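User: I'm new to this one, could you walk me through part of it?
Analyst: Gladly, let us look at it together.
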Amino acid sequence: MNLFLRRLAPLIAILITLISQVLTEEKIEIPENVTELNNENFKEFINENNLVLVLFYDSSNTSKRIIQGLGDVASNIIKANGTGKIALANFLESSIAQEIYIRSPPKLVFFYGSTDKYEHYPSHLSGLEKDSMISIVLSKENVLFIEHDSRNSESLEKAMKEFNLEDKIYASNLPVLVYYGKPNTKRTEVVKNTLKVLRENGVPIKAFIVYVKYKADIGLHIYRLPEMEKQNSMEINPKELYVAKKRILGLLEWNEKILSVFVESCIRPYVSFKGNELMYIHESSNSLITFLKGSDTLDQYGSSNIKYLDHESMESLRALAKANFFPEDPDKDLMVGLVLPGLEQEVENFTGFYRNVHVENGTFLLKLRKSKFQLENSGNSNKYLLTEKEIKKHGFEYLISLAKNGNIPIFYKSKRIMKHNKVSASVDQYFTTPFNYLELNPSSFIELIQDRNNALIVFFYTEMCSKCNELLPFWNSFSSKIASNQTKESKFRVFVSAFDLELNDNPIDMKIEEIPAIYYFPFGENKVSKMSLYTDDLTLEAVTTFINDRVEQVSEASSQDHNYEAQQSISAHSNVKDEL
């Protein structure tokens, strides 16, 4: 035994050396003005600071990229006289990460003076650009709004001079909202609640609420940041003033959720050069033009180059965006975005744009709302793809009018279905062993519901839904029971299928209240108008019986129709004989 251990000792020493080298190579370099936290100093550091943004990191390249930018974020917050701190914590070694249920790093979390008071970095944001992060940290550390009572002053103008409102507006490195109103009114409460909604959604904005004496002074002023091609500088003045139309504040049915969308529309620039979070927030509620360019737009130093649009095209985009700036009517409002290299994955997830053969490099994605803006149908819109060649030939305005009149094909965001997954990617695969369920995309969905001899039972899901994922294996078992008893040539075919609502645009005009949801589209014409929500037991026997009963019904009806037609033919033939 001792001889064995003596021989093993050198191997163990070599192994320890190799592990230590790997650990040394993987050591994270902490940027300047960023604090490294561990289990010993974590709570103490959080308790000493009112606002700390902590990155729980791992050894992935994504973590490393975020860490590289945190030093700039921290230094810019210091330059802007901010008090928020930036810190790092190793996910694998942090007990706090387990306490607040962080499962998959890297994750950013705000702490507010205590480890019990925390909030995750806004999950709807498209990217982690340093400008976005700086604005969000600065907005978090400020109070929600500053109140000022001007009712005892000789005039509103004098009160604002005494309050130095103009200096406060232009000293802010955030967009600014100034609401002039009466205290303790329904309208004022809606504005306050709107500011809460904006804060919860991670929208950076500074706000002043000024109480006025006269009704004529009531108003909403929004100071937008100017358009900038280079967002590195802190020189962000002068701001542009947008005065909301009086009818906006007169609409009492506008609640804080709707008013927050209006405010977001006002504070964004006419043209977004980076494809940052502002662009993606508005993508859900406004018409939009996005320029999608491939990674060949990097300059010789590997940096993003936004000069790839010629001057004429850029000016045309600016003019179009400014002419269509109607934030008081999001049905008409149009935004222009330029998506640069480095955001391809976010663009792919959000718009369905893939850099493959069906989309040319240098394409415009046009998104137009289909109906008057309402909160419950804010995503009700159609998308179109326009090529640079078409734009140069016809111009934006003409192509937008064609799209509004339905003369350009609709583009649907579509999930790419991989053949190696445990799904059927085509009708042919569906009817072959192992008879997996059919994964639908928008085009196959439309095609199948147009055939009167098809019926579909569709499982609507998203990959983020844990309950959905639990049911998918059952859905494959059900598919095997149904598809194995049919063939591609069967007269009546039932497709057990699934549709990913997160990665596909639903081409069917339907309202799905919750997921998972199962809808049955029956045999015959007009399937959409006759569709029904499946609410019976979710067992293999129950769902199989449900489908088999309907196949039997349509088969019997078809047989009766066939017999009736045959009798009519015989009767007609007999009449001919009698006449002869």
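Analyst: One term before we start: two strands pair if DSSP finds at least two bridges between them. Please keep in mind as well that this is a predicted model.
User: OK, so which residue is the bridge partner of Y520 in β20?
Analyst: The bridge partner of Y520 in that strand is S532, and Y520 belongs to strand β19, which covers residues 517-521 and pairs with β20 in the antiparallel sense over two bridges.
User: What order do the strands of the sheet come in?
Analyst: Five strands make up an open sheet, in the order β16-β18-β17-β19-β20, and the pairing is mixed. At the edges are β16 (438-439) and β20 (532-533), each of which pairs on one side only.
User: Which strands does helix α17 touch?
Analyst: Helix α17, residues 442-449, packs on the sheet and touches β16, β17 (454-461), β18 (493-500) and β19, with its direction at about 150° to that of β17.
User: And where does α18 lie?
Analyst: Helix α18, residues 466-483, lies across β17, β18 and β19, and runs at about 165° to β17.
User: Switching to N476, is that residue buried or exposed, and why?
Analyst: N476, which lies in helix α18, counts as buried because its relative accessibility is 15%, and buried means under 20%.
User: What does the side chain of N476 reach?
Analyst: That side chain reaches the backbone nitrogen of Y437 at 2.8 Å. Leaving aside neighbours within four places in sequence, N476 is in contact with K422, F435, N436 and Y437.

Key. Residues numbered from 1 in each chain as written. Predicted model: local features only at pLDDT ≥ 70, side-chain atom pairs only at ≥ 80, totals over all residues. Heavy atoms only, no water. Helix = DSSP H or I, 4+ residues; strand = E, 2+ residues; numbered from the N terminus. Contact = heavy atoms within 4.5 Å. Axes fitted to C-alpha atoms, helices over the stretch in contact; angles between N-to-C directions. Buried < 20%, exposed > 50% of the residue type's maximum accessible area, 1.4 Å probe, protein only. Polar contact = N/O pair within 3.5 Å; in protein donor to acceptor, adjacent residues only side chain to side chain.
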